[in-house]
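Try each task on your own, then read the solution one step at a time.

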Amino acid sequence: MRVPLLRACLAALSLLSTTYALYESEAGIVDWHKSLIGVPLTGSLGTAPSFHRATKDDGWTTSLIISATSSNVLGALNAEDGAVAWRHVFAANDPIAVFKKQQSTVAALSGPGGSTLRTFDALTGDLLLEKRMHAPEHGTLYEPESLGTSVAFVPGSNNLLVLTSGHTLASVDGKTGETLWKWSSEDQGSLIIYSRIIYTPIAIYLLGIAKSTASFTLHATTLSPADGTLIASQNIPSGLPPTSPATSFLLLTNPNSTRTPHAVWLDTKNGLSTFNLTPNLKGSVGAWKGTKYTDVIDVGLAEENGLFVAIAEDGQSKAIRLGDAGDKGFEVVYSFPDSVTSPARSPSIYSGGFDKDGNPYIARVFWWHTFKVNLSLIFHEQGGYIQTLAINTATCIGKVFAFDTNTHGVMTHVTHDAGPMGDQFATRFMVSTSTGGLQMYHTTGGTKTRLDWTREEGLANVQVAEYVEIPERLVIESGGADAERFGDRLIRQIIEAKDFPRYAMNFAKRFATGSYASVSESAPASPTDGPLSRDAFGFRQVIVAATSYGKVYGIDSSNGEILWSRVLGLGWAAEVGGKIIPFKLYTTRTVADVGEDGEAGTPQVVLVTQRRADNTLVDTVLFHIDAMTGEDSRKQSPTADLLQGFDIISGPIVEAFFLQNSTRTVVLFDEYMQVYLYPESTESEADFEAAASSLHFQVRTGGPDARQLMGHSVMLNPELSKRFVGYPTSALALPAHEEIQSVIPSRRGPVASIGKVLGNRTTLYKYLNPHLVAVTTASPASHPPSCAIYVADVAKGTVVYHAVLPASGGACHVQATLAENWLVYHYFDEDLQGQSKGYRAVSVEFYEGALVDDKIKSSDMSSFSNETTRVTAYDRAYVSQHGISALTTTSTKFGVTAKDIIFATTDGKIQSLPRRIFDPRRPSRKPTAEEVEEQLVQYEPVLPSPAQRILSHKHEVANVRKIVTAPALLESTSLVFAYGLDLFHTRIAPSGTFDVLSENFNKAQLVLTIIGLAGAIVVTKPMVQRKRLRERW
Amino acid sequence: MFGSRLLLVLSSVCSLALALDIRGSILWNDVCPSFSNLSSVRVVLNDGKLSSGVTREGGFLIPDVPSGSYLLSALSHDYTFDSLRIDVPSDSESPSVHPHILGTPFSPASSIALAYPVVLTPRGKNAYYVAREGFNVMAMLSNPMMLIMGFTAIMMFAMPYIMKNLDPQMLEEMNNSQKKMMGVQSAMQSGDIKSGLAALVGAEDEPKSAGARNQPASSQVKNRGGKNKKR
């Protein structure tokens, strides 16, 4: 009795003794982490990236680039090296509307109508203030989001002026968060939407647009700065262009001049018009005579420096300043040369910036197809071109910069700052690109510019990612020619022999110290002397990742370096514009396959995408890529150009599958359930035809509110179509109000054992039905709202397991993973009676039959057998300590190693827990001897959360959307790649690295022991000999 | 405070549902002395639909929380915090705070009532790494196996000398007991456990009863022998 108890205790202890744990020296070697901020929102000045000079405690200044991004992050990058200085991740239901910055503070408004105000320390990103301006459901959202929200700093105090919902202005104490006063317009935003604020000591000016009968009119309101009482409010007689009323007017002040603030707008009748603002709004409208302007651009210098850019009809652009000089205070500071519209130049991007002393600069950036490099020769070169204008001296410097449009797409935004350089000035500028890249350049002497750094922020929007194994390094025989003469060979061998001493040294060293390839060592950083090759343990693979910004990357899994990247070409839609959304990614050729030429080929992937052209047409496009180099495997697009795809379906895709028989074929279904195959070869067609009768696919059908999961088979009817057509065979009929949220296919890996031997020598056979899928659903319309999870056989629609789960606050966030016969799901349990509250994780295992030793051979049974529903589910619920955003299991080469559960928590950790903890057969009492033999430990409701099991250790991995696992060459080790806002990669050995010598293995001890024993033999040998001799006598 | 409450009352008239702000702060202690250690932290109710960031001063405010009971937890990357049960009543003015231990029933609330505004105490810092065991000669030598090995080695050399210096009487005694033990062992090995045990018990009993009585005598003899030698 005593021994089993002791053993149970030991087993309980060993359960948490970390089979996997990270040494500090291994951190950063076995794993890597890419901290990203997301792709900047360049649509409006209030969210676009801009330079900011912040003063540190020691008096030095540092330059940051602050931006709001499409990943809903407010982030700051160091201008020097492009590293993330700080970032604040906003919740998904709290989108950033606008941010403003002052010397040491950044203020951001987020949520519907700007419901929440936050201020941050500009240098460290520390949150200083968080204040609810109004309840989110009371906020009014306008299109674009920046309309109707604004923040202004009151100079000389900590106070902020906050404009929310387009109709409410509040004065907030920036230190305490107290609302000093609040003013709301009478119409509550139904007629007038304010969008701009200017503070002057005598009045606060609010400028907005008012809907009038025919068009949009400017509306101005003045408030008292002391208590927010209304001074005056009236329409300014104007007509704004109906297509873009919000961006066609500006509010100008210039503190260095005596002029009152002015409103400038593009009038549909009178062209560029101005209105001088006074507290009583008794100004007059002035029209701009002479040149006709078609556009006014706010470069971020209007409200403080009175500067803007106006574009004339012919495209000529001018920098205009409100000041003391010029006609009625308006003065054209400079006309940009080469700005007349030309087919050789792309439309220009304008940016406003400052130097250290706060002097304003305006930069104009465009793409130039042809320019002269040399006086005598005209090269047909292309490149970026930047003109920087110093306003104070009205000098403009033009420079060429090497922007690579084939790897970064087109420029979408530019921000810059300037610094004096001799009697001239230098410019630093950051280009945002359509593929989500950020590139920092700085100008040097002459016409040169240099690239400082590049960030691939598109990786914050990875849609699909897969591991691809890479081949071993080829051992290349030197010489090799048959007709080599003896003398030549001798010379060659002598030359080669010069490496022998080094080899001998290395051999001796390796023998003595045992420095073999080690699992904790990083795979060699890209070998310069040859192509990419595998390391000893297969830890080095290529992660092919496609983003929603039309770019596909090959990432080295051992160090996170981007090996190659290609921009996806739009095909015919390039003329109208469009977007490519990745759908699925398949490895169509692995290292084990033989290429067409009979030799082992390089691995290849097929990326299935949907192209949404701006004229609403949707096509399905395939990209066939060499995973090692990023080359087009169809050999249609040159290396340095866009990667052009293959339009396989002229219409949207419904589902895609991967058929792996004798060929590897991508099977696509169009809207009419017609089958398309890729590659379109006779072999793959024959292969598909052979397999067609036994194929089952699950397809989500039906519109909103009537979604169903239908099992399909395919048939060929030559009279109707030359293609195979899918037809429904079964349906997973859900209740009418249930909405499918996700379909989680079973993770198929090698199954090492089909059963589980119990302590009493009986066996539970695993239920390994290949057609199992897990489906999570939501029924928001039911009372109370609920969620559900199903495990179903899609071939005939039978439900194997079903659980109804509570919806937390009406929303379903059920995460689930299904591997072999094991289902784990996680949800927030909120009992309406208040009996329970908290995260729950449920582990379910499916075994064949009703009892032990009941075997139905589920893995190779026909789906139409009645036996398929003879299954027993064992389940256990656990209390989880974390919210989870992604969940998966490890996968290993042969499936022998125990599977760990890997999950990403909402507080930015990637964590693993062993399967033994999740075992649904853990007994609720002290385990018996038989159960101890099975290594079962007593059930404890709370899942442990040891910090050593946090794979991401000190890194904060934010907003993980998915975790991908892949086997390494070592059976013990699984590779783990998590993507979301950040990228994180590590490897994990769930059962310890049993197939390699442990890092802890003490070679010194072994050597010392052997030496000691040898010494003992040397000492004792003569003694024994002497003794024997004596005995003989 | 009063002003904001008044405002809340006003707004609640519009929305017809009383909602309270939940205020609180983080108590800086030895585990986490300042905000710069904490990096980003968010205080959430239930699964995070209602939440608040923590400002540099350590304060937080979750606005407009409707009546009901909530699980309050602090999401921090590097530190662990206790979870609390917050009850926002529909009539009273301030929420009540109770400790909640995960894995225990959520209702009824613990009888311990905590002060409001909420005070969150950092309980521990996550230790992500394990220390690598380095090579240590002392640790290797203090290993029991090594100690036994060392002892045998020493005995191997020392034994002949000890044997030489031993009293012939003691030697005989030792030989006798050794023989007895051998007998027991061989009996055990041959499967005759009973007789072996009996022999063992007998062997144990014998010296015990004899020893109790004879020990002083034998020591006397030994002493005397020693004295004799000296003379």
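Helices (H or I, at least four residues) and strands (E, at least two) are DSSP runs, numbered from the N terminus. The model is predicted, so local features need pLDDT of at least 70 and side-chain atom pairs count only at pLDDT 80 or more, while totals for chains, interfaces and linings use all residues. Residues are numbered from 1 along each chain as its sequence is written, chains are lettered from A and ligands numbered from 1 in the order in which they are written, and side-chain values use heavy atoms, leaving out hydrogens and water.

**Exercise 1. Sketch chain B as a whole.**

Step 1: Count the elements. Chain B has 6 helices and 11 strands.

Step 2: Look at burial. Of the 231 residues in chain B, 27% are buried.

Step 3: Look at the contacts. Take those in chain B between residues at least 6 apart in sequence: 54% of them join residues at least 24 apart.

Step 4: Accessible areas come from the Shrake-Rupley method with a 1.4 Å probe, and for residues only the protein chains shown count as cover. Chain B has about 15000 Å² of accessible surface, and 62% of that belongs to carbon and sulfur atoms.

**Exercise 2. Which residues of helix α6 in chain A are buried, and why do they line one face?**

Step 1: Pick them out. In α6(A), residues 682–691, the buried ones are Ser684(A), Asp687(A), Phe688(A) and Ala691(A).

Step 2: Look down the axis. These buried residues of α6(A) fall within an arc of 95° (taken from the directions from the helix axis to the C-beta atoms), so they line one face of the helix.

Step 3: Recall the helix rule. An α-helix has 3.6 residues a turn, so residues three or four places apart point the same way.

Step 4: Turn to the other side. Thr682(A) and Ala690(A) are exposed on the face of α6(A) turned away from the buried side.

Step 5: See what covers the buried side. The buried residues of α6(A) pack against several strands of chain A, among them β43 (653–660), β44 (664–670) and β47 (708–716).

**Exercise 3. Find the nonpolar patch on the surface and say which helices supply it.**

Step 1: Know the rule. Patches are made of residues with over 30% relative accessible area and no salt bridge; like charges are joined within 9 Å, and nonpolar side chains (Val, Leu, Ile, Met, Phe, Trp, Tyr) within 5 Å. A salt bridge is a side-chain nitrogen of Lys or Arg within 4 Å of a carboxyl oxygen of Asp or Glu.

Step 2: Name the members. Val1019(A), Met1023(A), Val1024(A), Met156(B) and Phe157(B) make up the patch, with about 420 Å² of accessible area together.

Step 3: Trace the helices. α9 (1003–1032) of chain A and α4 (144–165) of chain B each supply at least two residues, and α9(A) gives the most, with 3.

Step 4: Zoom in on one member. Val1024(A), in α9 of chain A, is partly exposed at a relative accessible area of 42%.

Step 5: Check the record. UniProt, in an unreviewed entry, places a "transmembrane region" at residues 145–163 of chain B; UniProt positions are given in the numbering used here, feature names are shortened, and annotations may be inferred rather than shown by experiment. In the model, that span is 100% helix and 0% strand, and its end C-alpha atoms lie 26 Å apart.

Conventions:
Buried means under 20% relative accessible area, exposed over 50%, partly exposed in between (1.4 Å probe, protein chains only). Contact means heavy atoms within 4.5 Å.
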